[in-house]
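The sequence and model come first, followed by notes grouped by topic.

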Amino acid sequence: MDWKEVYEPGDSAVLKRQAGRCMDCGVPFCHQGCPLGNLIPEWNDLTWRGEGRAAIERLHATNNFPEFTGRLCPAPCESSCVLGINQPAVTIKQVEVSIIDEAFSSGWVEPEPPERLTGKTVAVVGSGPAGLAAAQQLTRAGHTVAVYERDDRIGGLLRYGIPDFKMEKRHVEARLRQMRDEGTRFRAGVEIGKDIAWDELRARYDAVVIATGATVPRDLAIPGRDLAGVHFAMEYLVESNKAVAGDQVTNQISAEGKHVVVIGGGDTGADCIGTAHRQGALSVTNLAIGKQPPEARTEAHPWPTTPTIFEITSAHEEGGERVFLASTVEFLTNDVGEVRGLRVAETEYVDGRRVPKSGTERDIPADLVLIAMGFTGPDRPELESQLQTQFTSRGVLERADDYQTTAPGVFVAGDAGRGQSLIVWAIAEGRAAAASVDQYLMGETLLPAPVRPTDIAIGLQPA
């Protein structure tokens with residue numbers, strides 16, 4: 001297996017038929033299922049008519065980066081598709097990515113520099129989807145924007161968290177070229193809070209947008225956690241992405257020739273599975289503490305809500321074993337302090353809690369364990385000490401309805417304020433936060449604000 005994207009471009013005739021199916025809908029709900037408010041029926045109709053340039057204009061009207069969402073978003077819009085009531089939904093995500101891919105190959109994605117500069121400056125900290133969306137919107141509004149990223153390359157999670165088999169980095173580079181040509185400035189390898197203090201950054205700029213994501217991983221505090229060979233998933237994925245990019249990674253965490261166990265059944269866990277396969281793992285086992293979801297929508301998740309269903313990604317199709325209702329009890333050691341296995345038990349529900357069921361323990365071999373149990377929030381110490389920002393009980397930055405934190409002139413967008421969420425929410429919040437920053441700097445704004453910080457469910461739109 002190579003590192004190229006698994007899914008090849010779709011057949012144009014099939015995509016055109018799918019886009020045409022959208023016209024069978026009377027009252028569309030798909031654009032309400034999307035936090036960006038994408039005008040899905042409009043660009044589906046234009047695709048069906050063969051008007052690709054007009055389609056990308058409608059797509060870009062609400063989404064800065066359809067090449068990212070078309071590959072990485074779980075498509076809540078498809079769960080809201082009216083046809084999904086009694087038949088398969090329109091393959092909206094595939095149509096979306098076909099529109100943007102054609103636009104890039106045809107030269108239709110061009111820089112949109114501002115007509116005039118406002119003289120105002122904005123620092124965006126974090127170059128993931130929320131930060132890039134905020135930066136592009138603010139640059140186009142005429143502000144001078146600098147994006148700071150602590151890693152050595154721009155892109156955040158898009159760069160180092162997503163394996164190339166899901167999205168090749170050429171897509172990130174293409175969009176960054178457009179943004180540079182529009183005037184956005186990028187500062188990689190600069191960690192705010194350490195290289196530049198947060199309060200110093202605030203003093204340099206008229207406004208600051210925090211878009212650092214929820215980077216603190218959820219740990220598993222059980223015996224043996226400190227053994228060699230037990231790592232957080234993101235440690236593993238970052239090193240792999242750097243190696244695939246051609247970097248020399250000293251003592252790289254590798255699955256080659258090892259029995260690999262991935263703890264956590266989400267997207268990050270699936271990324272670890274696919275990466276381990278490509279590195280030549282002897283076996284890959286994926287443990288999930290909860291029940292296996294149903295294969296189809298149940299009465300508990302009626303249309304047009306987003307259902308919890310059993311998903312099989314390309315990484316799962318490539319091999320490995322998935323085990324549900326598995327609680328990890330202990331990491332087992334060999335004679336030299338390395339992990340050699342896991343002791344797991346069946347999960348049982350007691351007073352609403354998931355706990356190991358006594359008497360069901362068993363051992364499974366493991367030379368490499370990857371913890372992919374999600375993230376708890378952004379890094380806090382420097383923000384609290386240098387900006388005196390406040391955090392909620394959920395561990396994310398407290399913010400008002402205009403995305404402003406408790407520090408005046410400092411705004412937050414994406415997972416740092418929402419908590420771990422979807423890429424489509426990150427882009428939507430980046431766009432909305434940009435509108436609030438523009439309003440703060442200029443007293444008025446024409447930038448769109450698709451979501452509010454208080455929107456907590458797919459489909460909620462501003463009044």
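**Hairpin and cavities**

In the hairpin of β10 and β11, five residues lie between the strands, and Gly 337 there takes a positive phi near 80°. The model is predicted: local features need pLDDT of at least 70, side-chain atom pairs count only at pLDDT 80 or more, and totals for chains, interfaces and linings use all residues. Residues are numbered from 1 along each chain as its sequence is written, and side-chain values use heavy atoms, with hydrogens and water left out.

**Strand pairing**
- β10 (residues 326-333) and β11 (residues 339-350) are antiparallel partners joined over seven bridges; strands are DSSP runs of E of at least two residues, helices runs of H or I of at least four, numbered from the N terminus, and pairing requires at least two DSSP bridges.
- Phe 331 has Leu 342 in β11 as its bridge partner.

**Largest cavity**
- Four cavities of 30 Å³ or more are found; a cavity is a set of points on a 1 Å grid over the protein atoms alone where a 1.4 Å probe fits but cannot get out, and lining residues have an atom within 4 Å of a point.
- The volume of the largest cavity is about 100 Å³, a volume being the space filled by probe spheres set on points joined across faces, edges and corners.
- Its lining has 14 residues, with Cys 34, Asn 38, Cys 73, Cys 77 and Glu 96 nearest the centre.
- α3 (40-48), α6 (76-79) and α7 (92-105) each give two or more residues to this lining.
- α7 supplies the largest share, three residues.

**Second largest cavity**
- The second largest cavity has a volume of about 70 Å³.
- Its lining includes Arg 21, Phe 29, Ile 40 and Leu 83.

Notes
On a 1 Å grid over the protein atoms alone, a cavity is a set of points where a 1.4 Å probe fits but cannot get out, and a pocket is an open set with protein on both sides within 12 Å along at least five of seven lines; lining residues have an atom within 4 Å of a point.
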